[in-house]
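Here is a short briefing on one protein chain. Look at the sequence and the 3D structure first, then read the points below.

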Amino acid sequence: MAKFELKLPKMGESVAEATITSWLKEVGDTIEADEPVLEIATDKVDSEVPSEVDGKLVEKLFEADDVVQVGQTIAIIETEAEIDSDDSFDLEEDTEEEEDLVDELEARVENAQQAASGEDFSDSSRFYSPLVKNIAKEENISLEELEKIDGTGKDGRVTKHDILAYVENGRQRPSTNSAAEKPQQASKGKKIETSRLEPAVAQQDTPVRSGEDEIIEMSRMGKMIAHHMVESVQKSAHVQSFIEVDITNIWNWRNKHKADFLKREGEKLTFTPIFMEAVAKAIRDFPMINISVDGDKVIKKKNINLGMAAALPDGNLIVPVIRNADRLNIVGMAKAVNDLAARARQNKLKPDEIQGGTYTVTNVGTFGSVMGTPIINQPQVGILALGAIRKVPAVIETPDGDFIGIRHKMFLSHSYDHRVVNGALGGQFVQRVAQYLEGFDKDREI
């Protein structure tokens, strides 16, 4: 009977590792092909790892909260199926030499990372994963600080989420202490008034809570969203432009065709694919909206991949991506929107489906908001918020004069990165989206 190595599958170009959140199968359980064996989480999405063969789980090589590299073996499945020799092995084979080689390679990697960071974490008797050490290096966290962080992982190990939460909760950075020491050294014994420093220090204290307050732990995804939002605000110079759009023609056209569309295509015809189509056209007209920033360089994207913010049942947001959106007709766009939205709510998106976006659209009108100031989804440079559609009195211009009528209108709110997108480009782009929407052909056939 062969032994099959279940490995962590590749989950996109930018995903190199994942955290095991839970095992769905235990040692001794029978497993069918394509049946989920465990759940994993990356900084992009939660996912399941299915078995590739029928068989029985005989060994788990990692536990919950362990960080696993892509391609690394995570479990052994005993199977009667014929499998490639690369995926099987003999349990009687002596693997000590291979384990020594792996340990040596891991040690070399860690030593290189420690040398680059300037901080020697090997002095600690506590285990820290390479990812945690890298975060500590990027955030200038010393070994002394790292030792004080309470770990929630196995055997009290500090996980990625522990150290990110520590940073987000306003920990005291080493630079703060060094900056405070410099005036004392320069004073050469002179008395320094420190009362002005006290308010700043007090702001770092834990908020005062009453006995009636409820303390709720943030979810893993909630922590990641919080981290990404703060990072985006710190990185990009956010500027907004707003424009009101008359979509009466779209409203009437959709009401006319939605029943036939549902009957013919088996899909609901919502407003979202119409808006996404207009955004894709506008990006084609203004390609410098479809960029990202890498240091002092601007990367102009060839493909127009639209991110579509979707609300999850737990209140969090996820942004699946419609690739090459400018190549889709209204039917293809509607199918893509409905499919991604449905699988987002069911937590069935693949990691590749939430990566590679070049511009994002979010519908704040779903919750009745008239407009919003959305935060840019890094590394993009723009995001468009769709406001609620309202019936409002409006001035209608005709060859015979102006009159007041009831129209369906909405606001478009465009947030963009002022480092690389100036006001003219940001305003012209959202204006072009509005022109496409207001110029929608009410006699258009599907």
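Asp-65 is found in the loop between β6 (55-60) and β7 (67-69); helices (H or I, at least four residues) and strands (E, at least two) are DSSP runs, numbered from the N terminus. The model is predicted, so local features need pLDDT of at least 70 and side-chain atom pairs count only at pLDDT 80 or more, while totals for chains, interfaces and linings use all residues. Residues are numbered from 1 along each chain as its sequence is written, and side-chain values use heavy atoms, with hydrogens and water left out.

**Backbone exceptions**

- Most residues other than glycine have a negative phi, and most peptide bonds are trans.
- Asp-65 is not a glycine, yet its phi is positive, at about 80°.
- Asp-65 is partly exposed, because its relative accessible area is 30% (buried means under 20%, exposed over 50%, partly exposed in between, with a 1.4 Å probe and protein chains only).
- Asn-324 also is a residue other than glycine with a positive phi, near 50°.
- Asn-324 lies in the loop between β15 (321-322) and α10 (330-345), and is partly exposed with a relative accessible area of 22%.
- The peptide bond that joins Gln-378 and Pro-379 is cis, with omega about 5°.
- Pro-379 is found in the loop between β16 and β17 (382-386).

**Strand pairing**

- Strands β2 (residues 17-23) and β4 (residues 36-41) run antiparallel and are joined by 4 bridges (two strands pair if DSSP finds at least two bridges between them).
- Ile-20 stands opposite Ile-40 in β4.
- Strand β4 also pairs with β5 (residues 46-50) in the antiparallel sense, over 5 bridges.
- Glu-39 stands opposite Glu-48 in β5.

**A buried strand residue**

- Thr-362 is found in strand β16 (residues 359-363).
- Thr-362 is buried, because its relative accessible area is 12%.
- Not counting residues up to four places away in sequence, Thr-362 touches Ala-309, Pro-374, Ile-383, Leu-384, Ala-385 and Leu-386 (contact means heavy atoms within 4.5 Å).

**Nonpolar cores**

- The largest nonpolar core has 55 residues, and those with the most contacts inside it include Val-279, Leu-306 and Tyr-359 (such a core is a set of buried Ala, Val, Leu, Ile, Met, Phe, Trp, Tyr and Cys residues joined through side-chain atoms within 4.5 Å).
- Helix α10 gives the largest share of this core, 9 residues.
- Leaving aside neighbours within four places in sequence, Leu-306 is in contact with residues including Met-276, Val-279, Pro-320 and Tyr-359.
- A second, separate core of 20 residues includes Phe-4, Met-11, Phe-62 and Ala-75.
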